Amino acid sequence: MDINILTVFILAIFVGVEIITKVPPTLHTPLMSGSNAISGIAIVGAIISTEINGGVGTYLGLLAVILATINVIGGFMVTDRMLKMFKRN
Amino acid sequence: MLLSNLSYVLASVLFILGIKKLSHPKTARQGNALAALGMFIAIIATLLSNGQIDLKLILIGVLIGSAIGALFAIKVEMTQMPQMVAIFNGFGGAASALVASAEFLKNGDMSTFTVSTIIISVFVGTLTLTGSFIAFGKLQGFISGQPIVFPGQQLINAILALTLLVVAFLLVQSPGEINYFYYLVAFSAIIGITLTIPIGGADMPVVVSLLNSYSGVAAAATGFVLMNNGLIISGALVGASGLILTNIMCKGMNRSLANVIFGAVGLKTEATENTSGKQIAIKSYSTEEAAMIFDAAEKVIIVPGYGLAVAQAQHAVREVAEFLESKNRKVLYAIHPVAGRMPGHMNVLLAEANIPYEQLKDLDEINSEFEDCDVALVLGANDVVNPAARHDTSSPIYGMPILDVDKSRTVIINKRTMNTGFAGIQNELFGFDNSIMVFGDAKDMLQQLLKDLKDL
């Protein structure tokens with residue numbers, strides 16, 4: 001196994017903890033829907049799996065593209081819709 | 001490959017900056033746009049740098065997915081956000097599991113490391129999918145919000161977990177045996193269901209947060225399968241986010257994660273045991289009488305709970321608050337961490353009704369304010385204002401941090417009926433000398449209250 005990739009993973013967790021603890025409770029719902037959208041990054045893997053002549057895997061890839069796109073588009077759009085509503089006096 | 005790898009670095013930076021900007025409502029929207037830009041860059045670069053992919057198929061997939069996603073995003077009511085996040089957690093987990101499955105079915109020759117990461121991704125992704133659908137069903141009311149338990153449940157869970165470990169071990173030993181792979185999928189799906197059904201409605205904030213975290217873990221595991229930094233970093237961010245929220249929710253209830261998952265709190269049987277002893281004498285007022293109390297109040301704190309969301313009463317609350325403010329009364333909102341069905345649920349609802357976020361105070365900020373508060377108005381909240389949490393060691397909510405509404409001069413509690421909260425226990429607050437009950441649907445009650453206030 002490539003040790004670099006594990007390094008990246010562990011450092012990313014630390015960065016994540018650091019920045020997410022600074023998100024105030026009032027924005028926790030947008031944080032969750034926003035992270036829904038970010039977990040749609042699986043779309044990148046899904047695109048790679050739709051390899052031509054990849055057999056059944058190609059169709060699993062297609063299904064993954066659909067589900068991940070729902071998360072990406074739906075997640076970012078609904079987060080924006082919510083954040084628009086947060087107003088000051 | 002260099003192009004796509006560079007794009008993942010850029011995307012990761014934009015995701016991190018995006019979340020950083022979520023630290024304040026003023027910059028949050030810009031942050032979301034940055035994260036979306038990051039995603040766009042990653043997708044385009046992936047499309048450009050992989051020659052072997054089926055572009056037409058991808059385009060069809062993206063179009064279908066965009067249409068469904070946009071429809072969800074536009075149509076969903078703010079009261080239904082927990083359901084939407086729950087189902088999106090499921091989709092995210094499923095997408096990651098599918099990518100890992102595609103990899104497994106395509107490659108005949110895999111290292112033990114790759115097979116192991118595929119197993120983790122498929123297991124976590126599939127259990128996230130089925131668990132999220134159960135959570136969705138409970139939130140939407142398709143499935144009873146009561147914990148579903150049966151004798152020997154823990155034993156069955158233990159056997160399932162053990163079987164899964166055996167299947168995983170066999171699959172690592174002989175990756176060519178496709179049947180083991182199907183068993184893996186089946187057992188992961190069943191475990192997702194059996195882990196979620198015993199969890200009660202009020203514990204849903206924990207479950208939704210936890211499944212959110214799992215969807216990140218699944219994405220990161222798929223990143224290890226594909227050796228893709230973009231997936232690993234994003235997965236780690238989402239996994240960390242879900243875990244932090246889970247922790248905050250558990251603290252908000254003073255319970256351990258294990259207790260939430262295996263405790264089945266909220267069972268009816270528990271309720272009857274606890275309420276049989278004492279009857280509480282309550283005072284029930286009309287909205288007209290309540291209006292007179294409001295009329296004499298200088299400072300009002302509103303405590304919203306899940307009942308407010310059910311009644312869609314957020315706009316009615318704002319109208320009452322605006323009327324009071326026009327008479328120079330001070331109005332604040334007290335938001336308990338586990339009010340509603342997901343983290344921040346009440347804040348979004350009140351923001352939808354145009355209530356400025358500066359007026360929304362969390363537990364630590366607001367509790368000292370109740371001492372000189374004239375009226376605390378509790379709308380569809382129950383367990384989070386139950387003083388038993390402070391002193392009754394036999395109470396299932398003992399030790400849970402609560403909103404000290406009972407320290408206000410008067411507490412006006414709006415509920416539909418005298419039914420117990422989700423923890424299944426009667427609330428002694430309702431019988432306090434300074435407590436007044438006003439029964440009815442939150443929205444109807446508030447509209448009537450506003451009319452009565454204007455008539456005074």
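Is B:Cys373 buried or exposed? With a relative accessible area of 0%, B:Cys373 is buried, a word used here for anything under 20% relative accessible area, while exposed is over 50% and partly exposed lies in between (1.4 Å probe, protein chains only). B:Cys250 is buried too, at 6%.

Before going on, a word on what you're looking at. This is a predicted model, where local features need pLDDT of at least 70, side-chain atom pairs count only at pLDDT 80 or more, and totals for chains, interfaces and linings use all residues. Residues are numbered from 1 along each chain as its sequence is written, chains are lettered from A and ligands numbered from 1 in the order in which they are written, and side-chain values use heavy atoms, with hydrogens and water left out.

Now find the sheet in chain B. Strands (E, at least two residues) and helices (H or I, at least four) are DSSP runs, numbered from the N terminus, and two strands pair if DSSP finds at least two bridges between them. Look at E4 (residues 375-379) and E5 (residues 410-415) of chain B: they run parallel and are joined by five bridges. Here B:Leu377 stands opposite B:Ile412 in E5(B).

Next, move to helix H9 (residues 229-252) of chain B, where you'll find B:Thr246. At 3% relative accessibility, B:Thr246 counts as buried. Leaving aside residues up to four places away in sequence, B:Thr246 touches B:Val206, B:Ser209, B:Leu210 and B:Leu257.

H9(B) also meets the other chain: helix H2 (residues 28-39) of chain A packs with H9(B) at an angle of about 150°, their axes 9 Å apart. Axes are lines fitted to C-alpha atoms, for helices over the stretch in contact, and angles run from 0 to 180 degrees between N-to-C directions. H2(A) and H9(B) are therefore roughly antiparallel, the term for angles over 145 degrees. Among the residues making the contact are A:Leu31 and A:Ile38 of H2(A) and B:Val238 and B:Leu245 of H9(B).

Terms used
Contact = heavy atoms within 4.5 Å. Parallel < 35°, antiparallel > 145°, perpendicular 65-115°, else oblique.
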